[in-house]
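Subject: Structure handover

Hello,

Here is the structure to look through. My notes follow below it.

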Amino acid sequence: MTEPLLALRNVTRHFHTQAGVVRALDDVSLHVSRGETLGLVGESGCGKSTVARVAMRLTDVDTGRVLLDGEDIGARRGSALDTIRTRLQMVFQDPAASLNPRTTVGRALEEPLIVHRRGASAARRARVAEMLDKVGLHAYMAARLPHELSGGQRQRVAIARALMLEPDLIVCDEAVSALDVSIRAQVLNLLLDLRDTLGIAYLFISHDLAVVRHMSDRIAVMYLGQVVEQGPRDAVWDSALHPYTRALIASAPSARREARERPGAVIEGELPSPLAPPAGCRFHTRCAYASAQCRESAPVLRERDAGHWVACHVA
Ligand code: SF4
C-alpha cells in the first residue's frame, strides 16, 4: 500500500486549564490520500479544530504520531517545520484570520512567496495575477483592501493565498460556514474545481454533514474527541452504522423520511463537557440504543465493511 499523504495515528491531545483537563482528542486516527478529500464532521466542541491544529503542526500531540508521506513530522522544529508548512495550508471560517485589513490583496498574496524566497518581483506579481484568476477574481483586485471586497471575494482571496506555495493539502476549517447559501455553493464548487485541476487534497472540516457529503470522498464523524465512524462517502451517507451519524444525517434538510422517523433520529440533550466525558461509550448519555454494556465499556473502531469503520457495540 502507498503511504497516505497525511496521517494522524492514535493521537491524543489534552489541554490543562484552570477548570481541569480538556480531553480534546483521544486516540484519533485519520488519513488523507493525495488528491482526496476527507470530510470531518461533528458538533461544535467535538475536537475537529484540534485535529486541524494538530495536522498543521500548530499544536503538539501528547501521544501518537503525525505523518506526512509516512515521515513522522511531530518533532520538526524551525526551518524543518517551515518546509512542512509550505506543503500544508489552511483556510479558516473567517478570512480576516489570514488577511491583514491594512494590506492590499496583492501584497497579501505575494507575502508567502517573499517569506519563502520564491521568485523575483515580476514573477511573484505574475503569480498573484494567475492565482486571482484561478479563484475567479480579477487582476485589478490586487490593489484592493480586504474591506473593499465582499465576504465571498475575501474567502476566494484566502483560498488564493493558501494556493500560492502550491501545497499538497489544504485544511478547510468551517471555510464556508460564514457565507450566504448561494455564495457558499460557488466557493464549494471552486474548491472542487481546484482539487480536480491542481490535484490538491483537502481535510474538509464542517459541522454540516450535507456540505461534507458534497465535498468528500470519505467521511469521518467525531464525537467528543473521538472518531466514531469513518468510511467512503456513500457508505457513510447511505448506510450509516453509528447512532450518532444516523442522527446527524436525519437532521440534514435532504434526509429521507425513513431516516427522520427512525428511533434516535433526534439527539436529545447537550454535548457533555470534554472536561468530564461519560464513561464507557461517550455517546451513551444521548443514545436511544444505550445498554448497560455501553455505560461500562468503550467500543473500539472496527471495520464492518471495506474501509467502513464504526465504534459501537450494537451497530
Ligand atoms: Fe449507542 Fe451503545 Fe453504540 Fe454507544 S455503543 S453508540 S451507547 S449503542
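Why does His308 count as buried? The model is predicted, and in it His308 has a relative accessibility of 4%. The cut-off for buried is under 20%, so His308 counts as buried.

His308 belongs to strand 12, which covers residues 308-310. Its side chain makes a polar contact of 2.6 Å with the side chain of Glu229. Leaving aside residues up to four places away in sequence, His308 also touches others, including Gln230, Gly231, Pro232, Arg302 and Glu303.

Strand 12 pairs with strand 11 (residues 302-305) in the antiparallel sense, over three bridges. In this pairing, Asp305 stands opposite His308. The two strands form a hairpin with two residues between them, and Gly307 there has a positive phi near 75°.

Next, helix 9. This helix spans residues 243-250 and is mostly covered, with seven of its eight residues buried. The buried ones are Pro243, Tyr244, Thr245, Ala247, Leu248, Ile249 and Ala250. Among the elements that cover them are strand 3 (37-41), helix 7 (209-215), strand 10 (226-232) and helix 8 (233-238).

Last, the ligand. It is surrounded by 13 residues, of which Cys281, Cys287, Cys294, Cys312 and Val314 are the closest. The shell contains 10 nonpolar and three polar residues, and no charged ones.

Regards

Definitions and conventions
Residues are numbered from 1 along each chain as its sequence is written. This is a predicted model: local features need pLDDT of at least 70, side-chain atom pairs count only at pLDDT 80 or more; totals for chains, interfaces and linings use all residues. Side-chain values use heavy atoms; hydrogens and water are left out. Helices (H or I, at least four residues) and strands (E, at least two) are DSSP runs, numbered from the N terminus. Buried means under 20% relative accessible area, exposed over 50%, partly exposed in between (1.4 Å probe, protein chains only). A polar contact is a pair of N or O atoms within 3.5 Å; within protein, one must be able to donate a hydrogen and the other to accept it, and residues adjacent in sequence count only if both atoms are side-chain atoms. Contact means heavy atoms within 4.5 Å. A residue is near a molecule or strand if one of its heavy atoms lies within 4 Å of it. Ala, Val, Leu, Ile, Met, Phe, Trp, Tyr, Cys and Pro count as nonpolar, Asp, Glu, Lys and Arg as charged, and the others, Gly among them, as polar. Two strands pair if DSSP finds at least two bridges between them.
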